[in-house]
Amino acid sequence: ENSSANMPITKRRCSLAAVSLVIALSSTLSKTATGFAYAPNFITKIIEQSTGIAPVGLLDVTGGSGSLAVTDADADITTSSESSPSFVGPITTRFPPEPNGYLHLGHAKAVSFNFAVARAFSAGKGRCHMRLDDTNPTKEDEEYVKSILEDVRWIQRGCPPFDVDDSVDAVELSEEDRGPWYGPVRKTSDYFSLIYDAAIHLIERGEAFVDELTAEEMREYRGTLTEAGKESPWRNRSIEENLELFRGMRNGDYPEGKYVLRAKIDMSSPNLNMRDPVIYRIKHESHQATGDEWCIYPMYDFSHPIADAAEGVTHSLCTLEFEDHRPLYDWVAERVFDAGLVDRLPRQIEFSRLNLKYTVLSKRKLIKLVEDKHVTGWDDPRMPTLSGIRRRGVPPAAIRLFCERMGISKSDSNIDFSIMEDCTREVMDDASPRAFAILEPLKVTITNWEDGKLEDFAVPRHPKRAELGDRTVPFGKTVYIERSDFFDLEGPDGIANGGRPPEGFKRFLPDGKVRLKYAYVISCNEIIRDPETNEPVELLCTYYPETRAGNTPEGEARVKGIIQWVEASSGTKCKVMQYDRLFKTEEPGKESGDFLDDINEESLTILHNVILEPSVGADAVTIIDKLSNNPGSEVEKIYHSSLAYQFERSGYFALDSSSNVDDLVFNRVVTLRDTWDAGSATQPKKDENIHINHDKEGKQTQQKQKNKNTGGNAAVLDDARRVALRAGTILEAGPHPEANSLILCKLDCGDVNEAGEPEEPRTVVAGLAGKIPFDELVNRKVVCITNLKPARMRGIESTAMLLAASDGQEGDDEVVQLLDVPDSVPNGELLSFENMKPCEPDAILKSKGALKVWDRVKAQLRVNDEGEATYQNDGTVRKIMTSAGPVRVTSLKNCTIG
């Protein structure tokens, strides 16, 4: 109440509904894409085969028939499962991080998959445990425990809980224990007594001994991959002596390093992990959970299978680096099972870890970034830590969607960071309300508007989600527009461009008109300039009352340019942190030798004078007040970043945790489109002749963008002949079952088999949802690319690509039109370029450079001022031709094709 008492009237009105909006947005952002959307994979197949229980909710990638075969690479896992004891349920997975650091995106894959597998096998009472592997007190800390639990709660937010139907697990849980996992938070330290008993059992069986070789001597005795190891001289101690020494270790009779307990397996094993591994060591340190109760601690390879078995974990899913450890896992699990210490045998199955381009996930490297102050801390929004990603504003549903799209396999791959960004856009586009925010303000004074008068416009918070309601946007005599939306023909921009506007520029010109979105059309009468720089600082304009709210008077041409704006007296000033990728190379350090040399110095730009529409300021004050009074429980904790928007035509932004009611800070989560150029960390892909840059503290500078050529004109010309542009007819069109931004089409591309018989239509997944009505797509003759490598898009393989033209607007304002082919052209006809000799394209662009080939060709495709599709290269413009004439679009002109 106190925070909003001095707000303008419009802000106070907006704030009345802000609490409910924040709750609705938080719910939406967490619940979007929560369903189990993994495709069937070798792990789900193994579980199904070994338990006889079928998974539910998997993506149907077989078209309703057939099944996923287990590959040869996984045959050893399947075979070993058939020889194990009969399955005893319920199906149980676990996520067992060591509390010695902060979780990052690599952990997110393990979290998402372990929880998702358990939900998929709900028929087997699937459940996922949360366990902290706290066996190394030297590196562990309560701070990490709290951070890990918070991250797992957050990333699983909005997912359905597991049913607790067991009287042992149905007890009332403490606040710390509550979460998306099944039952309480478990710790390996809960089983220290059991693990100790297991070690005693091995000694009594003659399968473990106390050794006193030094660490260096142990390495020498271990041998190599091609040479067998040597047995320790202490390997054949008597059982009695081993028991006495081990109990002495337990009682604290010996210093650290004096003794270790080793399993007695096989020093000649080809698997180094089976050469008498250490299973216990002495550590005279207090444990964050057990205090000083223990001074010996088990090694991970020993404690892990015992803890899994004790908890009833049926399937221990882990990453591929533990594949060579599986024989030891099985060796330990079988012996504690045979001893009657546990009543079931868990099974370890490995999958590939997550590797991301343009980032590092190594704990050592992340620590280096923090300690050397290349970032502000572990929650710096550029860090791949979950705390950093959360602060930046990435919704947990976007991370789960990303993990689902990556799928599960045993093949290592290096995933492009843009896929993560695309998932973020998809989730935030559906969930985030729209708002006006002027990042680079230029003052506009409406000279024929009454002084002091404000007019309110009721504007939808989201164009496709009426349940979010309206926001009030006031209009008055003075407004701010984006500096980049006004092209000054006589200023530095115009001089640099020869006194002409950039090709395709449709916004505000000194001698033109532009529509202020939702409000009026204005025209510029006078430009007031900075006397030193000649830069415009204010525009004196006239508004046209008859054009209110999108109206075009009869007999007048529609004004094409539409820009956002914010009224000056009611707007809220804030700071915007524009984040980009932390590294400028795909694999930091690979070429330079030091990953720090590849840090992107332009990964953060700070804008100090951003102007927000009043509803955003009111919403921000409300959530800050709520956080200061009641931040919520550990399970339903509210974060600043829960308040997120699409700032129209700028990107997606979220409130930063450093904000207070007097100093709002928003983080750019992701741009509206992928603007990253792999060739340069500072150059966007978007082809704009003039742009305004900011230094790291927001100072504006101008520069003319260089026209980069990625491969030379001749190379691009050759590339064009490699791409198969063909005519095709859309037979069916409808929504994608798993993604609101995608559509699914059946396309007749004229394909025939070797016998000359027609083949089945191709499946095309396209990002055209909401751009073109489905009834306008069916039976339409279009241009498609038929020789790109098939791509799986949200579980469905797309085997062709539709070509379309775009007017270049951002977000919901974008106009998209397909490239139309005359109806008389047969399906499958290979299209050509005017005055170019036809050439048979590649059968399939499947090389690593295929994407670059298409990118280079796409960069040269444009619609001319006659509405014809053209290919422009080396100063020559060639129409895209069919046997019945040129390819055209319905109404767009002078725009890009993609």
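Asn-894 is partly exposed, with a relative accessible area of 30%; here, buried means under 20% relative accessible area, exposed over 50%, and partly exposed in between, using a 1.4 Å probe and protein chains only. It's not a glycine, yet Asn-894 has a positive phi of about 50°. Its place is the loop between strand E45 (885–886) and strand E46 (895–897). Strands (E, at least two residues) and helices (H or I, at least four) are DSSP runs, numbered from the N terminus.

A word on the model itself: this is a predicted one, where local features need pLDDT of at least 70 and side-chain atom pairs count only at pLDDT 80 or more, while totals for chains, interfaces and linings use all residues. Residues are numbered from 1 along each chain as its sequence is written, and side-chain values use heavy atoms, with hydrogens and water left out.

Ala-549 also isn't a glycine, and its phi is positive at about 55°. This residue sits in the loop between strand E20 (536–544) and strand E21 (562–563). Ala-549 counts as partly exposed because its relative accessibility is 47%.

Of its 898 residues, 54% count as buried. Taking contacts (heavy atoms within 4.5 Å) with a separation of 6 or more, 71% are between residues 24 or more positions apart. The chain exposes about 38,900 Å², and 47% of that comes from carbon and sulfur atoms; the areas come from the Shrake-Rupley method with a 1.4 Å probe, and for residues only the protein chains shown count as cover.

Then there's helix H10, residues 300–311. Its end C-alpha atoms are 16 Å apart, which agrees with the 16 Å that its 12 residues should span at 1.5 Å a residue; the expected span is 1.5 Å times one less than the number of residues. H10 is mostly covered, with nine of its 12 residues buried, among them Phe-302, His-304, Pro-305 and Ile-306. Just after H10 comes Gly-312, with a positive phi of about 85°.

Helix H15 (residues 417–431) has 15 residues and runs 22 Å from its first C-alpha to its last, close to the expected 21 Å. H15 is mostly covered too, as 11 of its 15 residues are buried, including Phe-417, Met-420, Cys-423 and Arg-425. At the start of H15, a side-chain oxygen of Asp-416 comes to within 2.9 Å of the backbone nitrogen of Ser-418, and Ser-418 is itself one of the buried residues of this helix.

Technical notes: Polar contact = N/O pair within 3.5 Å; in protein donor to acceptor, adjacent residues only side chain to side chain.
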